[in-house]
Amino acid sequence: MAIVMRLDRMMAYRKMPLGKLAERVGIADSNLSKLKNGRVSGVRFKTLDAICRELDCGVGDLIEYVEDEEEADPGA
């Protein structure tokens with residue numbers, strides 16, 4: 001299973017710099033950077049809600065499920 005963060009795409013699409021988004025969401029730049037780069041194992045709904053509000057998007061615009069190749073082809 002691979003959950004992929006697409007936060008970087010939405011930030012670029014909305015022309016929202018990391019520092020400005022972090023300030024508006026109320027989290028540290030470093031934590032938002034980790035989230036953006038997929039280096040976290042979880043995220044609070046409160047944080048997702050705030051990010052979606054600030055970027056005017058849905059959760060599905062930020063998070064995507066991509067099936068692993070091993071799972072897609074069990075005979076490999």
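1. A pocket here is an open set of points on a 1 Å grid over the protein atoms alone, where a 1.4 Å probe fits, with protein on both sides within 12 Å along at least five of seven lines; lining residues have an atom within 4 Å of a point. In the largest pocket, the lining consists of Ile-3, Val-4, Met-5, Leu-35, Gly-38, Val-40, Ser-41, Gly-42, Val-43 and Ile-63. By class, that makes 7 nonpolar, 3 polar and no charged residues, with Gly counted as polar.

2. A word on the basis: this is a predicted model, where local features need pLDDT of at least 70 and side-chain atom pairs count only at pLDDT 80 or more, while totals for chains, interfaces and linings use all residues. Residues are numbered from 1 along each chain as its sequence is written, and side-chain values use heavy atoms, leaving out hydrogens and water.

3. Now to helix H1, residues 7–14 (helices are DSSP runs of H or I, at least four residues, numbered from the N terminus). Its buried residues are Leu-7, Met-10 and Met-11 (buried means under 20% relative accessible area, exposed over 50%, with a 1.4 Å probe and protein chains only). Seen down the H1 axis, these fall within an arc of 100 degrees, so they line one face of the helix (the arc is that of directions from the axis to the C-beta atoms). Arg-9, Ala-12 and Tyr-13 are exposed on the other side of H1.

Technical notes:
Helices (H or I, at least four residues) and strands (E, at least two) are DSSP runs, numbered from the N terminus.
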